[in-house]
Amino acid sequence: MKVFKACLLIMKRHKGQILIYLIIFMGIFVVISAFMSTKITPDFSETKPEFTVINRDKETAFTEGLRGFLSNHGTEVILDDKKDVLQDAMFYHATEYILIIPEGFDASLATETPISLEMAAVPGTGDSYYLDNLVNQYWSFINTYQKTGSQMDDEVLVSKALESLSLETSVETMRFSTGQPMDDAYYAYNRVQSYILLVLILLCVSSVTLSFKRPELQMRNLCAPTTVRAKNFGQFLYCGVVSLFVWLLLSVMGIILSAGRLAGTDWRLIGLMLLNSFLFSVTSLAISMLVSHFIKNPNTQNAFANFLGLALSFLGGAFVPLEFLSQSIQAFSRFTPVYWYSKAVTGIYSLTSLDRASLRPIWQAFGIELAFAAAILCVSLALGKYKSRAENSFGSIRTELDS
Amino acid sequence: MIKVKNLVKRYGSLVALDHFNLEVRDGEIFGLLGPNGSGKTTAINCMLSLLKYDKGEISLFQEPMSPTNYESKRKIGIVPQNVAVFNELTVYENIDYFCGLYVPEKSKRRPLVEEAIEFAGLKEYRKFLPKKLSGGLIRRLNIACGIAHKPRLIFLDEPTVAVDPQSRNSILEGIKALNAGGATIVYTSHYMEEVEQLCSRIMIMDKGRQIATGTKEELTAMINTGEKLTVEIYSLPLRVLDQIRSLEDVIKAEYSDSHLSAECKTGGHAIIEVLDLLRQNNLKFGLIYSEPPTLNDVFLEITGKQLRD
């Protein structure tokens, strides 16, 4: 435990450096959240499109019925049947949709070739498609009832058609969550968190390993009656504890900073996000332990941490969505753990159900993150074992022969 | 306490220790004296099982030494040549850490750490980080870290390198006090004055081999050089110099930079005769020095080079 306590003391002396990173990161997050914050409205108001019906034929039960049907779904705008008036109304969006019933239309309904209705609409708007669809539905029901040969009066036929049109299919929403969708800023926080997790854990781990791997201290520790295993355990325990602390700190900060916007979010989604960042902390720990073997002095420590953190985060899509990157970079990024972390973050954010099929890609990403951690840890331990051999570790110590 | 037999250590083609033998007795201060590169540190590192060696036997406390001989390691203190302290830990925390590797119980450790701080004269600096300490104080901290657990055997590898004279004296006094407290000490240095002043027995090393071993008196008795005489004189005719060279006890006489230097045979003295000759030739002289042979003379006579070359 002496080694573990010494590690904590060494870390305590580096707390200023860690604090600076935290403050910068929090500042960036506040800016991001200000840009990305979405106001989620629990209700929505129904809007009705404006339409106009110009009847150049006589008023019949069918045309009356059509007006009534359309009025249930939109707002009728009465206009004079003049070309200029109609053009101006369309231009100034006074109406979105003009339906013209041509002269002789009613009479043609009984013939084999009925006259077509004329239509003018603001091009490309959803409202025009919607109203067009309603008109088609209405006439298709009228046609159907007429063609079935029923001897109903026109009024009865129209009322039957309107009755059929008013039938609605009962739809039950199977969405798992009764809460709100996840806040965009919290989602962004989790994406960028991979960078700060990696940098902070790398700094915490390498600060201590840098001290312990100084040749004279290595030699001095080898002289002590403590087994190498006990010394390594102390350092490993420290690495685990400090990684857990960094993860907890960042997770709590993320939740606190997004607290107001996370109130209605399903807690299971937040749980998955936390599990994902925890697994990435384990991967970051493994990366840090491996990279620490190559950091030779404190001057290169920060540069190393930032370079690695930024490079992996960019490649993994933490800062820029992968869709914006080239195919070759996307293919390469699959070999970085940040890619799978980001993929899991996006997957959790887009989840609409917690069934097995929806969760499968999330668990897959989690598994790959863990596999990365295990593989990197194995390489790191093997390298550490190789370096810790007394002859090898001492080989770098300056002896009289070198002086 | 320590027995080393026929130790051979090679770094590639370079033989760092060549059939090195050593025996250190309980309670003595044993000095390893030699120039840089003579193999002193390598010998210590082999004794501490920090280095593998090619041949030979090493036993400490009557037991073969190995990297896993934790019982022996528990009784050893090491003060390495390069300062081995954590830059991030304070004076107290550093001593406590190293002492803690030997004494896990905090209650037992605390008085030992306090004692070491007192011993090294670091009481005022206990909360200082090493970077705030002077070179001499860091060396003292290095020593305190090595001796806090009260070892029976202490290896001090050039503990006074780059230390001011005042701190050096303080360190040397401390080492004597440790020895007086019952610790056996192995002390390496290339400063012959320190070794002469401190050690009860001395081994002179060069190129990985022991050249001579014994007390200071035994070592100086091994060589032909005796008293060394230096006289400040402004001019010395060659005729008079030849007369001095022909004196019975004088084996060598030189004149340069207004100084006459003469070396006598072992046990011989020529100061009276030399001064009489100068007076007879009406030569005025200034300061006169006479000194017994030093370890440097021993080294010079055996190896043909100065200890500080």
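**Strands, cores and a helix**

Mentor: Start with B:Lys5, which stands opposite B:Glu57 in strand E4 of chain B. This is a predicted model: local features need pLDDT of at least 70, side-chain atom pairs count only at pLDDT 80 or more, and totals for chains, interfaces and linings use all residues. Residues are numbered from 1 along each chain as its sequence is written, while chains are lettered from A and ligands numbered from 1 in the order in which they are written.

Trainee: OK, and in which sense do E1 and E4 of chain B pair?

Mentor: Strand E1 (residues 2-11) and strand E4 (residues 55-60) of chain B pair in the antiparallel sense, over five bridges. Strands here are DSSP runs of E with at least two residues, helices are runs of H or I with at least four, and both are numbered from the N terminus. Two strands pair if DSSP finds at least two bridges between them.

Trainee: What order do the strands of that open sheet have?

Mentor: The order is E2-E1-E4-E5 in chain B, four strands with antiparallel pairing. Strand E2 (14-24) and strand E5 (63-64) are the edge strands, each pairing on one side only.

Trainee: What's in the loop between E4 and E5 of chain B?

Mentor: B:Gln62 has its place there. The phi of B:Gln62 is near 60 degrees, a positive value in a residue other than glycine.

Trainee: Is B:Gln62 buried or exposed, and why?

Mentor: B:Gln62 counts as exposed because it has 8 C-beta neighbours inside 10 Å. The rule is: buried if 20 or more other C-beta atoms lie within 10 Å of a residue's own, exposed if 12 or fewer, partly exposed in between, with C-beta atoms placed from the backbone. B:Ser258 also has a positive phi, of about 65 degrees, although it is not a glycine. B:Ser258 is in the loop between strand E12 (250-256) and strand E13 (259-265) of chain B, and counts as partly exposed because it has 13 such neighbours inside 10 Å.

Trainee: New topic: how many residues of H5 in chain B are buried?

Mentor: Ten of its 13 residues are buried, so H5 of chain B is largely enclosed by the rest of the structure. Among the buried ones are B:Leu137, B:Arg139 and B:Ala144. What covers them includes helix H3 (91-100), helix H4 (106-120) and strand E7 (153-157) of chain B.

Trainee: What span should that helix have?

Mentor: At 1.5 Å a residue, H5 (residues 135-147) of chain B should span 18 Å, and its end C-alpha atoms are 19 Å apart, which agrees. The expected span is 1.5 Å times one less than the number of residues.

Trainee: Which residues touch the most other members of the largest nonpolar core?

Mentor: B:Ile95, B:Ala144 and B:Tyr187 do, in a core of 141 residues. Helix H8 (residues 184-212) of chain A gives the largest share of this core, 18 residues. A nonpolar core is a set of buried Ala, Val, Leu, Ile, Met, Phe, Trp, Tyr and Cys residues joined through C-beta atoms within 7 Å.

Trainee: And chain B overall, how many helices and strands?

Mentor: Chain B has eleven helices and 14 strands. Buried residues make up 43% of its 309 residues, and its C-alpha trace spans about 75 × 45 × 35 Å along the principal axes.

Methods: Two residues are in contact if their C-beta atoms, placed from the backbone, lie within 7 Å.
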